[in-house]
Every structure is written in C-alpha cells, then in structure tokens.
Amino acid sequence: MFAPMKKLILFAALLSFAAPALAGASNFTLVNATGAGLAELSIRRAGTQDWKPLGAAPAAGARGAVAFSDPDCAFDLRANVPGAGPVTWAGVNLCDVKLVILNRDQAAGAWVDYDQ
C-alpha cells in the first residue's frame, strides 16, 4: 500500500520540476546609453507590425522606470535618435530583467545590454 503512494509522490515531485516557469515581461528600468536623446519611444511584439507608445524616453545617460506587463518575452523597441532617425533594437528579451540598457554606435549599430 505504501509503495504506490511513494511512486505517486515521486511522480508529482518530478512533474513540479519539469513544469516550465510562467514567464512574461514586466516592469523594468530603461537606460539610455546611446549618447543622444530619444524621442517617440515605442514597442511591439517581435514579428508584428503593431507599434505602441512606451512612454517618455530617458534623456542621454539617464534612466526611467517603465510600467509594462505582457505574457510574451521578445519585443522590438524603436525611438527617434537625433541625427540618425528611427533606430530599432530588435529581439529585446523583457522576461526576468530589471534593467534594459539601450546602446547605439554609428559603426556597430544598435544593441541592448541587460542587468537582472
């Protein structure tokens, strides 16, 4: 009688470890490390065309809190950068991060650094 119960408990324990964590994008801090001001900051789910305003963009070298919640993780961010026009940071992972650092260099292009 105890052997089947032990197997059931072991099976339930294994299932709990195998279950994927429920991820999703949530509030984060955005750092503008582009060296220039940003205007018209917007966001879309990666692979879509539906851009939505993300709110005020931090000045060059500044940071700002972004209130955001979405069940997905991959997003594109876009902003107008003086002298460069619209710049897109593609495939930004907003799950399990607290700090998203937008970088831009004329030679290297646009990239994102993260801090958890």
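This is a predicted model: local features need pLDDT of at least 70, side-chain atom pairs count only at pLDDT 80 or more; totals for chains, interfaces and linings use all residues.
Trainee: How many salt bridges does a search of the whole structure find?
Mentor: The search finds four salt bridges.

Trainee: Why is the contact of Asp76 with Arg44 called a salt bridge?
Mentor: The closest N and O atoms of Asp76 and Arg44 are 2.9 Å apart. The cut-off is within 4 Å between a side-chain nitrogen of Lys or Arg and a carboxyl oxygen of Asp or Glu, so the pair qualifies.

Trainee: Which parts of the chain does this pair link?
Mentor: Asp76 belongs to strand E5 (residues 74-81) and Arg44 to strand E2 (residues 39-45), 32 residues apart.

Trainee: What makes Asp76 and Arg44 buried?
Mentor: The relative accessible area is 6% for Asp76 and 16% for Arg44. Buried means under 20%, so both residues are given that term.

Trainee: What does the salt bridge of Asp70 with Arg45 tie together?
Mentor: Their closest N and O atoms are 3.0 Å apart. Asp70 lies in the loop between strands E4 (63-66) and E5, and Arg45 in strand E2, so the pair joins parts 25 residues apart in sequence. Arg45, Asp70 and Asp72 are linked in a network of salt bridges.

Trainee: Is Arg45 buried or partly exposed, and how do you know?
Mentor: Arg45 has a relative accessible area of 36%. Asp70, by contrast, is buried at 14%.

Trainee: Why is the pair of Lys52 and Asp50 called a salt bridge?
Mentor: The N to O distance is 3.8 Å, and the cut-off is within 4 Å, so the term applies.

How values were computed:
Residues are numbered from 1 along each chain as its sequence is written. Side-chain values use heavy atoms; hydrogens and water are left out. Helices (H or I, at least four residues) and strands (E, at least two) are DSSP runs, numbered from the N terminus. Buried means under 20% relative accessible area, exposed over 50%, partly exposed in between (1.4 Å probe, protein chains only).
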